[in-house]
Amino acid sequence: RERLRIISRDGKSLSEAFLYVLEHRSDAFLGLFEHLWVYESSCLRDTDHLRHQICELPAKDLCNVNYALRLQDTWLPLEDLKEDVSRYMEDSKSFPFLKIDASEMTDQFVSKWQFLCSYFSVGHKENLNFLLEILDRIEKNCPK
């Protein structure tokens, strides 16, 4: 094989190799996903149940948080979003930002990861959902 696959050979589920990387090498998962998206995006765009399976993937280790969450409940680590989280939260590390190297925040960074937002509901805008997520994290961190 030249590369791993996102979709299994029968086209009905995610491949075992893709899920293996998620479970055992979460540090490499997002980079692999972005790399493979180029090859399998057309099939994934047209298959609702596969997109839903990806949205539902566990993302705890992709964000470095200590609570369960799904990929669709995560956020791109954009600088303006990180600043807002820091403004409102004492412990901004508990916010579900994906572990993506965002050292060079450019338009290229956003376009590179836009597929996560467009097809898998990863957050990237300061909107009501973003503010509600901040409130939810504050409430869970400080139940009193």
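**Core and helix packing**

I looked up the largest nonpolar core first, and it has 43 residues. F33, L98 and L116 have the most contacts inside it. Such a core is a set of buried (under 20% relative accessible area, 1.4 Å probe, protein chains only) Ala, Val, Leu, Ile, Met, Phe, Trp, Tyr and Cys residues joined through side-chain atoms within 4.5 Å. Helix α2 gives the most to this core, with seven residues. Helices here are DSSP runs (H or I, at least four residues), numbered from the N terminus.

I note that this is a predicted model: local features need pLDDT of at least 70, side-chain atom pairs count only at pLDDT 80 or more, and totals for chains, interfaces and linings use all residues. Residues are numbered from 1 along each chain as its sequence is written, and side-chain values use heavy atoms, with hydrogens and water left out.

Next I checked L98. Leaving aside neighbours within four places in sequence, L98 is in contact (heavy atoms within 4.5 Å) with residues including L30, L62, W75 and L116.

Then I turned to α2 and α6. Their axes, lines fitted to C-alpha atoms over the stretch in contact, are 10 Å apart, at an angle of about 50°. Angles run from 0 to 180 degrees between N-to-C directions. On the α2 side, the contact is made by L30, G31, F33, E34, W37 and R45. On the α6 side I found K112, W113, F115, L116, Y119 and F120.

Definitions and conventions
Buried < 20%, exposed > 50% of the residue type's maximum accessible area, 1.4 Å probe, protein only. Helix = DSSP H or I, 4+ residues; strand = E, 2+ residues; numbered from the N terminus.
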